[in-house]
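Student: I have a protein model open and I'd like to learn how to read its features. Can you walk me through it?

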Amino acid sequence: AVVSTQSTGREETKAKVLKFQKIDAAIYEHYNKTFWELVKKEEGILEEVDEFKKHNTAMHDKCVAGKTNGAFNTYQYILTEFGDTDFQCKAMSSRVLPFAHLIEKRNQGLRNDGPHQRSYLSLQELYDVRYGKGN
């Protein structure tokens, strides 16, 4: 019979990390325990998490048709026809660096509308500028 060493290897690695980082592990355990004690006291929080998960799943189903594998064990979403036209879908499926680039531009104060000044572009405007929409 073939025995998988994957889980054994993970356990050995975990044991080594814990051995060399005892203080970090103790701090993590303390605050993790404290966190979950506070969560249990917070009325309705688990229901709120469940509601968020339902909303997240619904948005995923509405926006995402599939995904493709990319470099460094990453993947990229293939958007549905709706998702391809919806800014929220595009924003949620953007890779971190391009999205961070949009936020940086937003924070540079790129818009002046006279008496109703905004010190930023909207995310939709930034996305349009970045990806050449509306030209």
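This is a predicted model: local features need pLDDT of at least 70, side-chain atom pairs count only at pLDDT 80 or more; totals for chains, interfaces and linings use all residues.

Student: What is a disulfide?

Tutor: It's a covalent bond that joins the sulfur atoms of two cysteines. Searching the whole structure here turns up one disulfide.

Student: Which residues form the disulfide?

Tutor: C63 and C89 do, with their sulfur atoms 1.8 Å apart. The link of C63 and C89 is left-handed, with -55° about the S-S bond. The two cysteines sit in distant parts of the chain, 26 residues apart: C63 belongs to helix α3 (residues 45–63) and C89 to helix α5 (residues 87–93).

Student: Is C63 buried or exposed? And what about C89, buried or exposed?

Tutor: Anything under 20% relative accessible area is called buried. C63 has 1%, so it is buried. C89 is also at 1% relative accessibility, so C89 counts as buried too.

Student: Now the rings. How many aromatic pairs does the structure hold?

Tutor: One aromatic pair. It's made by the rings of F35 and W36, whose centres are 5.0 Å apart.

Student: Why is the pair of F35 and W36 edge-to-face?

Tutor: Look at the angle between the planes: over 60 degrees counts as edge-to-face. The planes of F35 and W36 are at 75°, so the pair is edge-to-face.

Student: And how accessible are F35 and W36?

Tutor: F35 is partly exposed, at 44% relative accessibility. W36 has a relative accessible area of 42%, so W36 is partly exposed as well.

Terms used:
Residues are numbered from 1 along each chain as its sequence is written. Side-chain values use heavy atoms; hydrogens and water are left out. A disulfide is a pair of cysteine sulfur atoms within 2.5 Å. Helices (H or I, at least four residues) and strands (E, at least two) are DSSP runs, numbered from the N terminus. Buried means under 20% relative accessible area, exposed over 50%, partly exposed in between (1.4 Å probe, protein chains only). Rings of Phe, Tyr and Trp (its six-membered ring) pair if their centres lie within 6.5 Å; planes under 30 degrees apart count as stacked, over 60 as edge-to-face and the rest as tilted.
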